[in-house]
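Open the model in your viewer and keep the selection tool at hand. This tour tells you what to select and what is there.

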Amino acid sequence: MSRAALPDDAELACRIKGLDLESKVRLLTGASLWRLPAEPRLGLAAVTVSDGPQGVRGTLDDPDETGLLAPAPSALAAAWDADLAERLGELFAVEALRKGVDVVLAPAVNLQRTPVAGRHFEYFSEDPLLTARVAAAMVRGLQGRGVGACLKHFVANDSETDRTRYRARLDERTLREVYLAPFEQVLAEAGPWSVMAAYSGVDDGTRSAPMTEHARLLREVLKQEWGFAGPVVSDWSATASTVASALGGLDLVMPGPHGPWGEALVAAVRSGEVPEQLVDDKVLRLARLARHTGRLEEAETLRPSAVPPVPGPEEFGLLREVATRGAVVLRNERDLLPLSPQTLTSVALIGPNAVAPYLQGGGSAFVPAVRTVPFTEGLRAALPEQVRLNVHRGGDSRRRAPYVSLDLLTDPDTGESGLRADFFDSDGNLIGGEVRRDGDWSAYGAVTPATRRVVLRTVVTLNEPGTHRLQVGCVGRFRVTADGDDVWSGDDDRGVELVLDSSHHHPPLKDIDVHVGDEPRRVALVVDLTVVETGGHNRFVTAQLRHAPPGPTPYEEIAEAVAAAAIADVAVVVVGTNEEVESEGWDRTGIDLPGHQNDLVRQVLAANPRTIVVVNAGAPVLLPWADEAPALLWAWLPGQEAGHALADVLLGRAEPSGRLPWTLPARAEDVPVPDARPRDGIVDYAEGVHVGHRSWDRAGLEPAFPFGHGLGWTHWSYESVALPEPSVSATLPSPAGGDGLKLIVELTNTGPRAGREVVQVYLEPPQDGPDRPVRLLAGFATVHAEAGTRVTAEVHVPARIFQIWDTATQDWHTPPGRYRLLVGRSSRDLRLAVDTTTGP
Ligand code: BGC
């Protein structure tokens, strides 16, 4: 059937009217964790959704399913390049089609309001305009190939602590000008087919409600004012009410098939609390989503007919390109970078993240990667054969030991290697079991419906003399014994909350230290776990068994690494965060590098003047030695092609042309929003519209590196800026309709190499009117020029950036006065200016 023949809204509405109430309500809750219900009478096939936004995880119907793992979203944003984001969106679409996914749960356009936010890596920027540009491009890339985007998390869910309970308190201007702004702009520019309502709530002064019930924001703003015609989908297990959420504007409860709607919603419609036409409208919105994604009447869509069955080199190439393009050169004294491989004889590659890179952030965005190229492998492959590569960890920065090795485990029943799991029903009858061959016994979905308890048994044999540390990690209700003695127990009866705060894959740990003398020691471990019931998510148990053998102390490891650095031509130290630090489910408690990494860097810097420090982190970490590092590179959470991308950058095969999409603080005490802990259930957005770099400008504080900073491989001279239409008033009809201004910037690449530059424009509004930021990011353009050549950048400055939300008229308004547009390389390196005035 061709697209033209697909039923239009009127036809769909008519078919919906023909359905009984129960059938319609059934469509409003997921059929499973990742699928929506089908309804042949509407011509509706099941729509499948999947996370985003580091790749497309798939539905995990096959536990061995892997996929393409992209750099984390903040790395993409650091490229400041909409075309690149659109290409990555297209790649996600191909991957989605390959996995039978119709809607990718991405992009996330919450803001990096505080550096400690657990999902900082998953958001694009601290700036609404940069966020919106990148996100809109990604949506275009996805949807241009027939795969839906789900714009999330609507709205002001910018931190994780207590995320299902807190209310973000913001005034209306802040909400409109900062946190709603990316949603509004992406909807206007790219029209995502679905939107996700957040776990948290908003108190905007007129109404305080969870976002799944926020009628003012969902119905009045998103749907009526902005004209959003698709479904609002709940975040997973976020819906806590029947009537309030149904009236509030939510259209789909996820996951299913259980949840607070179903029969309760049918009853609420029958009793007149919820009008039936509201139910019809929700079904219509879901049918539109199906129509877009080709799930209505098995229609032909924009999808390419043939999708390569497995990911290939071209796709790996794009992931590598994103990782290099996003990498930010923060410092490069005496042009230490890029290295010329021919002149090298030895490289010391050092650091906890050099040996165990952190490739992606944790939580729902996690993708089991189809392949990974660690830093060691990428560098080894790229360096000429005669160059020695010496790798040293220089101390562990993780608190969690590695999973115990299978060689040390014995199944007590058979004497073979492994960990025995016995399943018991509610009467205590043994109903099944299995033998596991590693230390991670997190059974997510493998637990049969009748299983109530799982008992794990193994004997750990420790041979090496010294002190071994065994670590057991469990959640919920459990009991752990070692050689028959109780060592730990838990009685946490929470259900789905253990999924939502990520403790199911990041459980608390108990250390058991075992001293081994001349004779090996055998420790009999028993872990008795009660299955956690989660409602819509899978029932699960979690148990981890980890092991740290006796070994050198961190300081012994550092000394060894420093000795290697001292005799190498070049030392490359890779420091950063890890899976214990940056994840969905919790916020960080500070922004220091974990472990002894600062000591390591300081000592390596002292040992070798040719030291390059690479930061492998998504969110800001303090770098107290930054001024002493001759070369400093921010490499993000770089995804599966990490090693190749790092080699491309270090050896000059590609220019790292990233610019910081957030501000890097120099001192913890300067951070404008140092934590996101709710107080009395409220996260107070007291800084108002002064988010991110705007706060730093208002306070006049000097960060370590400012928003927008990044050096690349060449130098730029900014020659001139012109505003072909100098009066804003003529081009700014109210409200968002005006399309703004165009700035023409001339610049020259004065350096020795071709390069890419991000021309940034900041707006200084008049300060004698309403409270406004000192400077706002107003536009940017990415240009490329050969060495010694001049290039013209055209920068679009949208009308909206001049405007404020007028709470009295409930409309946008451009305060009259003189506005200055500043052009430069970062928010603190502004080289050209032009003024414009707006009339009353
Ligand atoms: C996250 C969402 C995600 C959903 C489904 C939630 O925990 O907040 O971003 O799309 O899970 O995995």
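Predicted model: local features only at pLDDT ≥ 70, side-chain atom pairs only at ≥ 80, totals over all residues.

Residues are numbered from 1 along each chain as its sequence is written, and side-chain values use heavy atoms, with hydrogens and water left out.

**Stop 1: Ser50**

Select Ser50. It sits in strand E1, residues 49-50. Strands (E, at least two residues) and helices (H or I, at least four) are DSSP runs, numbered from the N terminus. Is Ser50 buried or exposed? Ser50 is buried, with a relative accessible area of 0%. Buried means under 20% relative accessible area, exposed over 50%, and partly exposed in between (1.4 Å probe, protein chains only). Now show its contacts, meaning heavy atoms within 4.5 Å. Leaving aside neighbours within four places in sequence, the contacts of Ser50 include Trp34, Arg57 and Leu105.

**Stop 2: the cores**

A nonpolar core is a set of buried Ala, Val, Leu, Ile, Met, Phe, Trp, Tyr and Cys residues joined through side-chain atoms within 4.5 Å. The largest one has 150 residues. Select Phe154, Val155, Trp236, Leu743 and Val745: they touch the most other members. Then select helix H5, residues 128-143. H5 gives this core its largest share, ten residues. Another core, of 34 residues, lies apart from it; Ala75, Ile350, Ile558 and Val621 are among its members.

Go back to Val745. Not counting residues up to four places away in sequence, its contacts include Tyr718, Thr792 and Leu832.

**Stop 3: strand E17**

Select E17, residues 466-474. Seven of its nine residues are buried. Two strands pair if DSSP finds at least two bridges between them. E17 pairs with strand E20 (residues 509-516) in the antiparallel sense, over eight bridges. Find Gln471: its bridge partner in E20 is Asp511. E17 also pairs with strand E22 (residues 540-548), again antiparallel, over six bridges. Here Leu470 stands opposite His547.

**Stop 4: a four-strand sheet**

Which order do the strands of this open sheet have? The order is E7-E6-E4-E26, with mixed pairing. Strands E7 (208-210) and E26 (682-684) stand at the edges, each with a single partner strand, so one side of each has no neighbour in the sheet. Finish on strand E4, residues 167-169. E4 and E26 pair in the parallel sense over three bridges. Arg169 stands opposite Asp684 in E26.
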